[in-house]
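Subject: Structure handover

Hi,

Here is the structure for your files. My notes follow below it.

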Amino acid sequence: MTADEKMGDSGWRWIELKFPDAVTNLHFVRRADDTPGAEPVLVLVDDDVEATIAALKADGVEIITEPKEAPWQPGRTVAEFRDSEGNRMVIGSQ
């Protein structure tokens, strides 16, 4: 765990995880309620977005957008799906 700090007297905490040899950290935040978010709640990076989306689809996962080139970064492939709680997730290539 990189950080676990109180954020005032509200009971909120700043929790951050870092994994050995990884270049990314995970930062957790409390949501206002349990309603699935309209914006992506997690972005995953994968070397083969198409294969991963195909495997998720075969397992019955709801695919929001099929793999396509990211309009903001030519050469990067992105797709979106919903997790089991209905949250929007993004998976993209490096």
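Glu 66 is partly exposed, with a relative accessible area of 42%. Partly exposed lies between buried (under 20% relative accessible area) and exposed (over 50%), using a 1.4 Å probe and protein chains only. The areas themselves come from the Shrake-Rupley method with a 1.4 Å probe, and for residues only the protein chains shown count as cover. The side chain of Glu 66 meets that of Lys 57 in a salt bridge, at 2.6 Å from N to O. A salt bridge here is a side-chain nitrogen of Lys or Arg within 4 Å of a carboxyl oxygen of Asp or Glu. Lys 57 is also partly exposed, at 42% relative accessibility.

Before the rest, two notes on the source. This is a predicted model, with residues numbered from 1 along each chain as its sequence is written. Local features need pLDDT of at least 70, and side-chain atom pairs count only at pLDDT 80 or more, while totals for chains, interfaces and linings use all residues; side-chain values use heavy atoms, with hydrogens and water left out.

**Salt bridges**

The structure holds three salt bridges. Besides Lys 57 with Glu 66, there is Glu 62 with Arg 82, where the closest N and O atoms are 3.5 Å apart. Glu 62 lies in the loop between helix 1 and strand 5 and Arg 82 in strand 6, so the pair ties together parts that are 20 residues apart in sequence. Helices (H or I, at least four residues) and strands (E, at least two) are DSSP runs, numbered from the N terminus. Glu 62 is partly exposed at 45%. Arg 82 is partly exposed at 29%.

Glu 80 pairs with Arg 88, and their closest N and O atoms are 2.3 Å apart. Glu 80 is buried, at 14% relative accessibility. Arg 88 is partly exposed, at 21%.

Four strands form an open sheet in the order 4-7-6-5, with mixed pairing. Strands 4 and 5 stand at the edges with a single partner strand each, so one side of each has no neighbour in the sheet. Neighbouring strands are turned by 15 degrees against each other on average, direction ignored. Two strands pair if DSSP finds at least two bridges between them.

How is strand 6 joined to strand 5? The two run antiparallel, and four bridges join them. Strand 5 covers residues 63-69. Glu 69 has Thr 77 of strand 6 as its bridge partner.

On to strand 7, residues 88-92. Five bridges join strand 6 to strand 7, again in the antiparallel sense. Phe 81 has Met 89 of strand 7 as its bridge partner. These two strands form a hairpin with five residues between them. Gly 86 in the turn has a positive phi of about 95 degrees.

Is strand 6 enclosed or open? Five of its six residues (77-82) are buried, so strand 6 is largely enclosed by the rest of the structure.

Helix 1 (residues 49-58) lies across strand 5, strand 6 and strand 7. Helix 1 runs at about 165 degrees to strand 5. Axes are lines fitted to C-alpha atoms, for helices over the stretch in contact (heavy atoms within 4.5 Å). Angles run from 0 to 180 degrees between N-to-C directions.

Strand 1 (residues 3-6) and strand 2 (residues 13-18) pair in the antiparallel sense over four bridges. Ala 3 has Glu 16 of strand 2 as its bridge partner. Six residues lie between the strands of this hairpin, and Gly 8 takes a positive phi near 80 degrees.

Glu 5 is in strand 1. Leaving out residues up to four places away in sequence, Glu 5 touches Trp 12, Arg 13 and Trp 14.

Ser 93 sits in the segment after strand 7. Ser 93 is buried, at 12% relative accessible area. The C-alpha atoms of Glu 5 and Ser 93 are separated by 32 Å, and the two residues are 88 apart along the chain.

Phe 19, Leu 26, Val 41, Leu 42 and Leu 44 make a nonpolar surface patch of about 360 Å². Patches are made of residues with over 30% relative accessible area and no salt bridge; like charges are joined within 9 Å, nonpolar side chains (Val, Leu, Ile, Met, Phe, Trp, Tyr) within 5 Å. Leu 42 belongs to strand 4 (residues 42-45) and is partly exposed, at 33%.

Best wishes
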